[in-house]
Amino acid sequence: MNSQGVVLPYPRAKGIILVLIAATFWGVSGTVAQYLFHQQGFSTNWLVVTRLIFSGIGLLLFSQFVAKQNIWSVWKNKQDVVRLIIFGTIGMFGVQYTYFAAIEHGNAATATVLQYLAPVIIVCYLCLRAKSLPAKQEVIAIVLALFGTFLLVTKGSIHSLSISGPAFFWGILSAFALAFYTLYPGSLLSKWGSLMTVGWGMTIGGFGFSFIHPPWKFQGHWNLTSFLAVVFVVVFGTLIAFFCFMESLKFIHASEASLLACVEPLSAAFLSVVWLNVSFTPAEWIGSFSIIATIFILSTAKR
């Protein structure tokens, strides 16, 4: 910032680059997860519990030793503890499991785009809570989201689904899980910050699910490629992606970061088509862009 209070272009460019890196890593990690599920025989249960535990601990260590936060202070308030447990078990675990299950039963491109219905679900929830009708932009976004979903799951034909029933079910459920994940932890984020909140959420969700599916209960094929794929999902697709996204907020507005994060479904779709030979018809591309367009429309709404 110069002496006249004008933001210089370099910091803004740095913020844009950081959020694009984060969104790309998120999208690519979904496609890498698809590779692990479909070609290496990995299970959703194992990948989710492993990703949550290692990523959660990694974020907490970063918060403690780099950000110099006391990660144990959150456990002194009973109300925050209850909220954190709910966020970790329902919000964090819910959004991770449903997303990966949608990939396992379908593909990363469709799963990621369906998850981007979450902002429309949030708008509908806020309208119901406020007992008010949606604004014009919100109505357009809702209609566009429904249209895009129809094209994405049917390829424009009303006679059959282009994806399996389980893939559609988990994809829609992941959108609802992401909506809850977005709305619920507001008080935790404002009080404890995102690093600590997300770090504990991942750790709680991971260790909680390990009682149902222990991380040592593994199925799949270990080789150098699958090992590197798991490392990418945990380190680049979670830790580095989250760090880059949070760092970007120091240089650009959160609304801008959210819009730029739309690179995530595009990168997932592109890599799925190029690398894993997933076929995407023109109708599916139109449906995907229709859903992504709702983000841009909702960004102009006043709600």
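Two salt bridges turn up when the whole structure is searched, a salt bridge being a side-chain nitrogen of Lys or Arg within 4 Å of a carboxyl oxygen of Asp or Glu. The model is predicted, so local features need pLDDT of at least 70 and side-chain atom pairs count only at pLDDT 80 or more, while totals for chains, interfaces and linings use all residues. Residues are numbered from 1 along each chain as its sequence is written, and side-chain values use heavy atoms, with hydrogens and water left out.

Let's visit one pair first. Lys191 bridges to Asp80, with 2.9 Å between the closest N and O atoms. Lys191 sits in helix 8 (residues 186–192) and Asp80 in helix 3, so this pair ties together parts 111 residues apart in sequence. Helices here are DSSP runs of H or I, at least four residues long, numbered from the N terminus. Asp80 is buried, at 7% relative accessible area, whereas Lys191 is partly exposed at 47%. Buried means under 20% relative accessible area, exposed over 50%, and partly exposed in between (1.4 Å probe, protein chains only).

In the other pair, the side chains of Glu247 and Lys250 meet at 2.7 Å, N to O. Glu247 counts as buried at 19%, and Lys250 is exposed at 59%.

Now look to the surface, where Ile57, Leu61, Phe65, Val66 and Phe207 form a nonpolar patch with about 480 Å² of accessible area together. Such a patch joins nonpolar side chains (Val, Leu, Ile, Met, Phe, Trp, Tyr) within 5 Å, from residues with over 30% relative accessible area and no salt bridge; areas come from the Shrake-Rupley method with a 1.4 Å probe. Helix 2 (residues 44–65) gives the largest share, three residues. Val66 lies in the loop between helix 2 and helix 3 (78–105) and is exposed at 52%.

Notes:
Patch = residues over 30% accessible without salt bridge, like charges linked within 9 Å, V, L, I, M, F, W, Y side chains within 5 Å. Helix = DSSP H or I, 4+ residues; strand = E, 2+ residues; numbered from the N terminus.
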